[in-house]
Structures are given as C-alpha cells and as structure tokens.
Amino acid sequence: MQVSNLWVKIGNKQILKGVEVSVNPGEVVAVMGPNGSGKSTLAYTLLGHPKYEVTKGEMKVDGKKINELSPDERAGLGMYLANQYPMAIEGLVSVRFLWQLYKKRQVGKKISGIVEFRKWLVVEAEKLGLNLELLNRGLNEDFSGGEKKKMEILQMMVFSPKYVILDEIDSGLDVDALKKIATTVKQVAEKMNVGVLVITHYNRILKYLKADKVVVFEDGKVSRTGGASLALEVENKGYLQKNNE
Amino acid sequence: MSKFVAKKTAEAREVRKAIGEYKYGFSMPENNIFKAKKGLDLERVEEISKMKGEPLWMKNFRQNSYKIFESKEMPKWGADLSQINFEEIFYYVKPSEGQVDSWDKVPKEIKDTYDKLGIPEAEKEHLGGIKAQYESEVVYGSLLDKLKKQGILFLGMDEALKEYPELVKEYFGKLIPPTDNKFAALNSAVWSGGSFIYVPKGVKVDLPLQAYFRINSLRMGQFERTLIIVDEGAFVHYIEGCTSPIYSSDSLHAAVVEIFVKKGARCRYTTIQNWSNNVYNLVTKRAKVEEEGIMEWVDGNLGSKVTMKYPAVVLVGRKAHGEILSIAVASKGQHLDAGGKCTHLAPETTSRIISKSISLKGGRSSYRGLINIASGAKNSRSKVVCDALILDKQSRSDTYPVNKINEREVILEHEATVSKIGEEQLFYLMSRGFSEEEAEAMIVNGFIEEIVKELPMEYSVELNRLIALQMEGSVG
C-alpha cells in the first residue's frame, strides 16, 4: 500500500500537503503526530470517504491505483479500516452482519454454513473478551467505547484483510483490552502476511504490535521517519522535539 | 445523486435483471362464472344477496348498509380519495363454481396464479390451513385434520353464514357497524368472501392460518369480510397476504375485519399487503379484547396507490392488552396513511403502538394514531413510538397523533423520530465491501428489524426481499 505526494482537502481546508507513506505486506507502520496533523484524514482518504477530496497525488494498493475507486471497491482489494468512532447501525443484528461480511469476502473461505460460522465467531469473540450477548444486538448499538473497538477487530478477523488501517484503536481502552486487541492484530498480521498501518498518539500499543517503521505527521506532512525507537522518543519528548532542538 | 463513486458491476446488473419490477403484476384471462355489471345501486346489492342465497336478515343488512353508504360523505381528513369513481368499479365477480379442497379442482388459470405466488408450497411447509380468495369468492380452502379435530372452524365467510348462521349473526357487524365509516358501509352492502375462524376454549393453534387475496381483473372491487372469534384461553395466528396485477386504471379493496378476543385469549393478525400501485386499499380492522386477553396486529404495508388503515383494539376487560406493530414503505406515487387506534375502557389495560415508516422516490407515508383512555380505566398505560425514515428529498412523512385521556391515573408515553440515512453510516458499511444499495438496504432492514423479528421466518425473509425490491434503483 503506497501513498505518494497526497494532497487532501475537506471543503476549502487543505489537510494533507504531500504525504508519503508505504506499507508492505507483513509490515507494521506506525503513524504518530499531534491532533489535527492529518492522521485520521489519511485513514478516511485511503478508504474513499466522500468528504475527503484528493487534489493531488496517488494511492496504490498492490500496484493498482485506487484514487477513483468507491469504498466498497477498495475494500474488495483487501483494505480494512478499524475506525476511531465506529458507527452504530440500529437493528442490523451483529452476528447476521458478520455472516454477510464473511460471505462478501471471497478470500480465505473455509466455513460453509452459519452454524459453523457462529461457533468460530464465539471462540474469537471470547478471546477478544467481547460480551457474547452483543452479537445479538444491532451493530455497535448501545456498545461502550471499548466494545466498539473490539467489534472493529472482530470484523477485521471476519474480513481477512490484506491491509489494515487502525485509526486510534487504542484510544479509550484499558490496558487489558488494549493488549488483547493488539495481540490479535499481531497474530492475524503474522499469519496472513498483512500490512498494518497503526495511527496512534501513544507508544503503548506498539509494545504489543512492534512497528517496523515510524512516521511522524506534522501539519499535513511527514516530518520524520525512523525505526521503533522513534515512537518512544516522540512519546517521551513530544512531537515538536525536532523544532525545539 | 450518489456522492460515492458510481459503480456499475456486472453483478449489480444481473441482480437488477433478476429482480425485475413488481413480481406479482401479471394477470390471467378472465373465465368468470358471473360478473355483475359495473357500478352500484340497490338492485346490484340485492342481486349479490340473491345469488348467494342468503337469509333475510343479511339481505336487509346489505340494503340498509347501502343506504348508509349513499348518505355518507367521502372522508376528507386523510389521503386524497377524490379520484375514486364508484361507477367504474365491478363490485362482484364470481370466478369459479365454488370453494374446493384440492388444488387440482381449482380452474387452471387460477391455480397457475397461486402456483406463481408460491401459495401451495407455503401451505405444505408451514401453515395449519389456508383460504385462497380470487376476485369476490374463496376458491380454495384447507385445514389440517388435527386442527379440525380440535374443533377449530376455518371457513369462508359465505360458507360460515350457511353452516353456522346463528354464530355469524351474533357477531357479524357488531364491532364495526355499517355506520362506522363510508367504506365499512360499502363493504357491508356488497361484501363477499373473507374468512371465518372460531377457536374453541383453551385451544392453541400451533400453526398459522393464512388467507390469500388476489385481484385479477380490471377495475375490480374486492370486499372481503373477516370474522375471528378466539374463545377463552385460546390462541390463533392468522396471516393475510394480498397482490394484484398492474393496471393503468384503479381497483378498490375495502375490507372489514372484526375480531373477538375472549378472556385470557390471544390473537395475532399479520398482514403483508403488497397490492400493485393502482389499488385503493381502505380497510377497517378492529378487535374487542376481554379480561387479560391479548390482541396483536402486525401490519406490513408495501403496496397500493393509497392505503388508509388503522387497526384498532378496544380493551374492554381488566388487564387486556393491545399491540399494533406497523410498517409502511411508501414509494413513487404511493400515499400510505397508516397507524393504529387503542381504546382503553377498563382498568389496568395496556397498549403499545410501534410504527415504522419509510418514504422514498417521492412517496408519502403518514402515521395517524388515536389513544383513547376512558374515565375509570385506572392504571392503564399506553406507549406510542413512531419512527420515520426518509430516503430522499422528494419524499414525505407526516405524523398525526391524537390522545383523548379522560382518566387521571394513567401513564402515556409518546416517542417520535424522523431520520434519514447518514453518509457516515453508508461509508462505514461500504468500507466493509458492501455496495451503496446493499448498505442502504442493511440500514433500512435494521430500521424495521424490531417489527420484522415478530414475523414467522418465511415472511420476514419475504418482507426484507420486497423492501429491497422497492428500494431498487433508489440510489444513484
């Protein structure tokens, strides 16, 4: 997954100003940066949210340009966004939605019927520490913040992605939940050779999900790149450390 | 216009082709036994009664009802009915020699119709009994032997009048008299067909009984009459479905349904109304519920040009409960004016109305409801929830709730929401790989899930499919 010289506007406001990021299969790339630096904009733009207008630059997945594709077509290429604020869909019973999602994706299909699927789902949900009763509720309907995040990850497992974008999946999570979510992503990524883009403010998620590369955003641009140690440095000394030197 | 990048896959085209438009819009050649001249007068009313060989009291009831129909003004408070031309309608069409109990004995074009509608199949799979009405008469009827042995009566209304005249006389028109409204008067004058059900004390009918109403010919008026008596402690689930061919001129369906729920009994009445968009559907439905009895109306309205229908419960016994769950999907050229009425006449009675309406492609849906709590109905409770979903700017939704409360010690709740499908919700589902149409259908089906889950499986699948069909092409 490759982003080159990406410029993005919301309305008249220029948010991204020439971003360069790439994630290879099997790689974990962390994107850090202060609020308003354009991290979430990158996530939404990658999936084709209609509010975000690309004015320049290119996004590619496995060598294929995706700029003109609709969100569902991008998902069809294996892109998965775990949202910072997942939407609730009233009455869309979670377990039925997940089954439809499973059927929709053409990859990794081993389960044939909903009964078998349900069994598999229950095991995975339990591992994540997701209250099973929620599976019979509307998708994210009256879920707590932490439950929504777990549901994002459960959807990710059903989806079998090639590229995952985690948009502040760690915000509002306690340590225990964070650990479960991060290790689950790590396992899936390692097993399926998934490329992971982790958008975060904190180093703590990277303890469980080790970053191969860290990219720091400032004012819609990449200000620094480095290895795992950069994340720690940024957390300890702040984003603007370079400017303070 | 969709904000999302347009997508025209081969798959989407295939689905569109396969679904087609209104699936039930076909018509069959007419091989009627008898067709009354179009238009209505006293002579025509007498002719119907004579052909049916009815007792004198019914003949008089019809004549009297016709006079009431003539004297009543057209209702002006609801949907626009000014285009109905009573002179152009055929009021009585007899399609076959009479009701039979084997599909092989049903005339071929009629049997073909029901085959296409999947009725004999449904009968085999999950029904306890069935009545198939074609034009003005019930042409086929069945009831499982085990249900017959329990003393359950499931007859065509005309058949019941012949076989159980006293029972019919005791209840017929007692809950909805011809004076109730102009269309109840019309029905009372020219009624034909419909179902009669009696469930004896304590008998719980474990499989639903279904009636299927089909209009076939041009400018047909269908006026079936249904009477259900659920005796003490008994239970029955009755389902009705209806379809008709697409014509450019209008048809009229004006039914009357009366239900008596005795002490501790329960009745559920489910409707999947899917008339073609040239039918005026003007129906009066009412249930009288005695002590600790339960009446549940589950009302799905998808078709018709105009619907005016407000299933009612009259709670006459202590702790009686009434429930009206209603879905209306109003698309292009449709005005669905639906809702419910709950009248509390005894203490500790409870009622609930849940109305979900969807308006799209310029369609209009209205909720019209009445909660009437009489003096002395102490500690009664009522809850009304009406939610409207509007899919585009051309469509419209209105709410007309009325409360008449003459008792202080009651609890009344009313919730109403109007919403549209949000871009964020669509994006969320599309980013999971679902097309915009699929995402929209998921949101709409979620919106009505609370009611759909009350339907038997076969019908909830059918309803979701029909709604997807209605929404076809609503995106982009």
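A:V214 is buried, because 25 other C-beta atoms lie within 10 Å and the cut-off for burial is 20 or more. The residue belongs to strand β11 of chain A, which covers residues 213–218. Which residues is A:V214 in contact with, leaving aside its neighbours within four places in sequence? They are A:A30, A:M32, A:T225, A:G226, A:G227, A:A228, A:L230 and A:A231. A:A30 is 184 residues away from A:V214 along the chain, yet the two C-alpha atoms are separated by 4.7 Å.

The loop between β11 and β12 (221–226) of chain A contains A:D219. Phi of A:D219 is near 50 degrees, a positive value in a residue that is not glycine. Is A:D219 buried or partly exposed? A:D219 has 13 other C-beta atoms within 10 Å and is therefore partly exposed, since that class lies between the limits of 12 or fewer for exposed and 20 or more for buried.

In chain B, the residue B:R219 also has a positive phi, of about 50 degrees, although it is not a glycine. B:R219 sits in the loop between β7 (209–214) and β8 (221–222) of chain B. With 16 C-beta neighbours inside 10 Å, B:R219 counts as partly exposed.

The next element is helix α9 of chain B, residues 182–190. How many of the nine residues of α9(B) are buried? Nine of the nine are, and the helix is mostly covered. The buried residues run from B:K182, B:F183 and B:A184 through B:A185, B:L186 and B:N187 to B:S188, B:A189 and B:V190. Their cover includes two helices of chain B, α2 (42–52) and α3 (56–71). It also includes the strands β9 (225–230), β12 (256–261) and β14 (279–289) of chain B.

The packing of α3(B) on α9(B) can be described in more detail. Their axes come within 7 Å and cross at roughly 150 degrees. The two helices are therefore roughly antiparallel to each other, because angles over 145 degrees fall in that class. The crossing of α3(B) and α9(B) is left-handed. On the α3(B) side, the residues that meet α9(B) are B:F61, B:R62, B:S65, B:Y66, B:I68 and B:F69. On the α9(B) side they are B:K182, B:A185, B:L186, B:S188 and B:A189. By class, this contact of α3(B) with α9(B) divides into seven nonpolar, two polar and two charged residues. An α-helix has 3.6 residues a turn, so residues three or four places apart point the same way.

Helix α11 (residues 436–452) and helix α12 (residues 457–471) of chain B pack at an angle of about 140 degrees, with their axes 10 Å apart. From α11(B), the residues B:E440, B:A441, B:V444, B:N445 and B:V452 take part. From α12(B), they meet B:S460, B:L463, B:N464, B:I467, B:A468 and B:M471. The contact of α11(B) with α12(B) has seven nonpolar, three polar and one charged residues.

One of these residues, B:A468 in helix α12 of chain B, has 18 C-beta neighbours inside 10 Å and so counts as partly exposed. B:A468 and B:G118 are 350 residues apart in sequence, and their C-alpha atoms are 19 Å apart in space.

Between the chains, 25 residues of chain A are in contact with 21 residues of chain B. Which elements of chain A give two or more residues to the side that touches chain B? They are α2 (71–76), β7 (89–93), α3 (94–104) and α5 (145–159) of chain A. By class, this side of chain A has 12 nonpolar, seven polar and six charged residues.

Finally, the confidence values. The predictor gives the complex an ipTM of 0.96 and a pTM of 0.88. Chain B averages a pLDDT of 93, and 95% of the residues score at least 70. Over residues 14–20 of chain B, however, the pLDDT is below 50. Beyond near neighbours in sequence, this stretch has three contacts in the model. Where pLDDT is low, the predicted coordinates should not be read in detail.

Conventions: Residues are numbered from 1 along each chain as its sequence is written. Chains are lettered from A and ligands numbered from 1 in the order in which they are written. This is a predicted model: local features need pLDDT of at least 70, side-chain atom pairs count only at pLDDT 80 or more; totals for chains, interfaces and linings use all residues. Two residues are in contact if their C-beta atoms, placed from the backbone, lie within 7 Å. Helices (H or I, at least four residues) and strands (E, at least two) are DSSP runs, numbered from the N terminus. Ala, Val, Leu, Ile, Met, Phe, Trp, Tyr, Cys and Pro count as nonpolar, Asp, Glu, Lys and Arg as charged, and the others, Gly among them, as polar. pLDDT is the predictor's confidence in each residue, from 0 to 100. Axes are lines fitted to C-alpha atoms, for helices over the stretch in contact, and angles run from 0 to 180 degrees between N-to-C directions. Angles under 35 degrees count as roughly parallel, over 145 as roughly antiparallel, 65 to 115 as roughly perpendicular and the rest as oblique. A crossing is left-handed if the near helix is turned anticlockwise from the far one by less than a right angle, and right-handed if clockwise.
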